[in-house]
Amino acid sequence: MRLKVNNVTRQRLLADRAERAESFADRFVGLMGRRSLAFGEGLHIEPCNSIHTFFMRIAIDVAFLDRDGVIVKQFLALPPWRATSVYFQAKSVLELPAGTLQASGTQEGDRLVFEPVV
């Protein structure tokens with residue numbers, strides 16, 4: 001399923017071609033092996049409260065979201081071969097191309113909304 005992701009706090013579009021990873025296999029693989037992630041793309045992983053970038057080739061922006069879509073923690077340009085802490089408030093994670101969060105002015109406390117792309 002393709003998703004559009006809006007930061008409703010800042011009224012900014014973060015992605016218009018994001019995908020959702022809900023199965024164990026999709027969550028496990030995530031973005032591993034991808035050579036690039038274009039602006040407008042992203043991956044929403046649910047459920048999830050910790051990630052790693054082992055075996056990844058690209059840096060990514062990461063937003064940990066609570067059940068209401070509020071960012072509880074974010075990382076800008078998280079490089080490959082890193083792991084985050086566990087964020088117990090987080091229920092899902094949005095992974096975006098590096099630079100997306102900074103370019104949109106997105107900050108912790110902002111609320112994101114996901115809509116299916118038809």
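This report describes the fold, aromatic contacts and charged contacts of one predicted protein model.

## Basis of the model

The model is predicted: local features need pLDDT of at least 70, side-chain atom pairs count only at pLDDT 80 or more, and totals for chains, interfaces and linings use all residues. Residues are numbered from 1 along each chain as its sequence is written, and side-chain values use heavy atoms, with hydrogens and water left out.

## Overall architecture

Two helices and seven strands make up the secondary structure of the protein; helices (H or I, at least four residues) and strands (E, at least two) are DSSP runs, numbered from the N terminus. Their order along the sequence is β-β-α-β-β-β-β-α-β. The radius of gyration is 13 Å, close to the 13 Å that the globule rule gives for 118 residues, so the protein is as compact as a globular protein of that length. This radius is taken over C-alpha atoms, and the globule rule is 2.2 Å times the number of residues to the power 0.38. The C-alpha trace spans about 35 × 30 × 25 Å along its principal axes.

Of the 118 residues, 39% count as buried; buried means under 20% relative accessible area, exposed over 50%, and partly exposed in between (1.4 Å probe, protein chains only). The protein exposes about 6500 Å², of which carbon and sulfur atoms supply 52%. Accessible areas come from the Shrake-Rupley method with a 1.4 Å probe, and for residues only the protein chains shown count as cover. Among contacts (heavy atoms within 4.5 Å) between residues at least 6 apart in sequence, 64% join residues at least 24 apart.

## Aromatic contacts

Rings of Phe, Tyr and Trp (its six-membered ring) pair if their centres lie within 6.5 Å; planes under 30 degrees apart count as stacked, over 60 as edge-to-face and the rest as tilted. By this rule there are five aromatic pairs. In one of them, the ring centres of phenylalanine 64 and phenylalanine 75 are 6.2 Å apart and the planes stand at 75°, so the pair is edge-to-face. Phenylalanine 64 belongs to strand β4 (residues 60-65) and phenylalanine 75 to strand β5 (residues 71-78), so the pair ties together parts that are eleven residues apart in sequence. Phenylalanine 64 is buried, at a relative accessible area of 0%. Elsewhere, Phe54, Phe55 and Trp81 form one aromatic cluster.

Charged groups also meet rings. A charge sits over a ring if NZ of Lys or CZ of Arg is within 6 Å of the ring centre and within 35 degrees of the ring normal. The charged end of lysine 73 sits over the ring of phenylalanine 75, 5.4 Å from its centre, and that of arginine 20 sits over the ring of phenylalanine 114, 5.9 Å from its centre.

## Salt bridges

Side chains of opposite charge can pair when their charged atoms come close. The structure holds four salt bridges, each defined as a side-chain nitrogen of Lys or Arg within 4 Å of a carboxyl oxygen of Asp or Glu. One of them joins arginine 2 and glutamate 19 (3.5 Å, N to O). Arginine 2 lies in strand β1 (residues 2-7) and glutamate 19 in strand β2 (residues 12-21), so this pair ties together parts that are 17 residues apart in sequence. Arginine 2 is partly exposed at 42% relative accessibility, as is glutamate 19 at 34%.

Arginine 20 also forms a salt bridge, with glutamate 46 (4.0 Å, N to O). Glutamate 46 lies in the loop between β3 (40-45) and β4, and arginine 20 in strand β2, so the pair ties together parts that are 26 residues apart in sequence. Relative accessibility is 31% for glutamate 46 and 24% for arginine 20. Another salt bridge links arginine 17 with aspartate 16, the closest N and O atoms being 2.9 Å apart.
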